[in-house]
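Subject: Structure handover and what turned up in it

Hi there,

Here is the structure I promised to pass on.

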Amino acid sequence: MRILSIEQFAAGPYGSMFLADMGAEVIKIENKDIGGDPARFMGPYFLGTGDSLVFQGWNTNKKSLSLDMKTQQGRAEFEQLVAGADAVVNNLRGDQPGKLRLEYKDLEAIKPEIVCLHISAYGRHNSREAWPGYDFLMQAESGLMDLTGDPEGEPARFGASVIDYMTGITGMLGLMGAVRRAQITKQGCDVDVSLFDVALHQLGYAGTWYLNEGHASRRLPRGAHLSVTPVQTFKTGDGWIYIMCMTDKFWHALLGVIGDPVLTADERFKSQKLRAEHRAELTEALDSAFGKQPTAHWLQVLTGVLPISPVLNVRQALDNPFLREIDMVKDVPHPADPKMKLLANPIRFDGERLQQAACRPLAATPVDTVPV
């Protein structure tokens, strides 16, 4: 597959990176007059001029071509590439694909099978199509921030740009479906995915509960599950653990390991419904039990018995020896840093990690030298 992608920052680049890592030829179309993708200049860690660790983390295995789409020559070179492409991707504002003639109706005459994926903040053809928008705004307006953090604290966003990433992946899933249909019908189409839509969709069962029962979920202490308990963080003698007793089986297994006859006999905790009603009392009781031993002890006696995890900081998470066992950190040499490391693509084929290579530098390569 050949994908032409007018992309910048996270959502589009993160999604198209999965196609590139799986072997598609993804050509980033960048405007050299503005320095290309702004992520090339996102610090604090740079790789020479016009490149950064942020940029490489979203753009492995891609080529880069400098085109000014608003000039006659740039447009002609772009259309020459479209003739040999399977899809054209953009993650511009919703009003821009029409202005830049990136919609299916604009490219159909060049190649009827072409698929045009539009990733935008709020979608096209609505009252917000011209609005700029970013991940954190979507977390705020979708209700996700209200579900995140401590109930006594301020609304909080996720620690990573998960809406960007989910939107990018959702867009590529739509693109793949449309490309497959085009292979059969010989007709392409427009595919639309927006940050706003994806953020709302991530509400999941909290959204379904409200739409059907009028129940407005609120965030709970300790990052707890909205309905099942104990599913949350607990204090240990020297840190925190997260346990998930999603079923009575796991609850009884936890009681067996703790071995506290008083806790086992407590009528307030005999069923899921009762445990949810007495969540605060249960948290206090389990904090007391877990606080008698360090985290390492609880991991030793509970791992394999029920779902459990230590609560780690970023340094601890990335220094975890398990990452090396599963080959989740890859050496991806870069001209400015031959020892550059990146997180591996999470997809495996036949048990093997996908190969990753640094994105090519921003290039002004003539289109006729790019093989079709």
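Below are my notes, from the whole chain down to single residues.

Some ground rules come before the details. This is a predicted model, with local features needing pLDDT of at least 70 and side-chain atom pairs counting only at pLDDT 80 or more, while totals for chains, interfaces and linings use all residues. Residues are numbered from 1 along each chain as its sequence is written, and side-chain values use heavy atoms, with hydrogens and water left out.

**The chain as a whole**

The chain has 16 helices and 13 strands; both are DSSP runs numbered from the N terminus, helices being H or I with at least four residues and strands E with at least two. Along the principal axes, the C-alpha atoms fill a box of roughly 80 × 50 × 40 Å. Of the 372 residues, 44% are buried. Here buried means under 20% relative accessible area, exposed means over 50%, and partly exposed is in between, with a 1.4 Å probe and protein chains only. Among the contacts with a separation of 6 or more, 65% join residues 24 or more positions apart, a contact being heavy atoms within 4.5 Å.

**Nonpolar cores**

The largest nonpolar core holds 29 residues. A core in this sense is a set of buried Ala, Val, Leu, Ile, Met, Phe, Trp, Tyr and Cys residues joined through side-chain atoms within 4.5 Å. Two or more residues each come from helix H1 (11-21), E4, strand E5 (115-120), helix H7 (162-185), strand E6 (189-194) and helix H8 (195-201). H7 gives the largest share, six residues. Met172 is one of the residues with the most contacts inside this core; leaving aside neighbours within four places in sequence, Met172 is in contact with Gly12, Gly15, Ser16, Leu19, Val89, Leu117 and Ile119. A second, separate core has 19 residues, including Val82, Leu92, Leu102 and Tyr104. As background, nonpolar side chains tend to be buried together in soluble globular proteins.

Helix H3 (residues 72-82) has Gly74, Arg75, Glu77, Phe78, Leu81 and Val82 buried. They sit on the same side of H3, because they cover an arc of only 165 degrees around the axis; the arc is that of the directions from the helix axis to the C-beta atoms. Gln72 and Gln73 are exposed on the face turned away from that side. Packed against the buried residues of H3 are strand E1 (2-6), strand E2 (25-30), strand E3 (63-66), strand E4 (87-90) and helix H5 (104-107).

In helix H10 (residues 248-258), the buried residues are Trp251, Leu254, Leu255 and Ile258. Their arc is only 100 degrees around the axis, so they too lie on the same side of H10. Lys249 and Gly256 are exposed on the face turned away from the buried side. The cover over the buried residues of H10 includes H12 and H13. Gly259 follows H10 and has a positive phi, near 70 degrees.

Arg275, in helix H12 (residues 272-277), counts as buried at 0% relative accessibility. Not counting residues up to four places away in sequence, Arg275 touches Thr229, Pro230, Asp248, Trp251, Arg268, Phe269, Lys270 and Leu282.

**Rings and sulfurs**

There are eight aromatic pairs. Rings of Phe, Tyr and Trp (its six-membered ring) pair if their centres lie within 6.5 Å; planes under 30 degrees apart count as stacked, over 60 as edge-to-face and the rest as tilted. Tyr122 and Trp131 are edge-to-face, because their centres are 5.5 Å apart and their planes are at 80 degrees. Tyr122 is buried at 11% relative accessibility, whereas Trp131 is partly exposed at 42%. Phe234 and Phe290 form a tilted pair, 5.5 Å centre to centre with 45 degrees between the planes. Phe234 is in strand E7 (residues 231-235) and Phe290 is in helix H13 (residues 279-290), 56 residues apart.

The count of disulfides is zero, a disulfide being a pair of cysteine sulfur atoms within 2.5 Å. For Cys189, the closest cysteine sulfur is in Cys116, 8.1 Å away, too far for a bond. Cys189 is buried at 14% relative accessibility.

Best wishes
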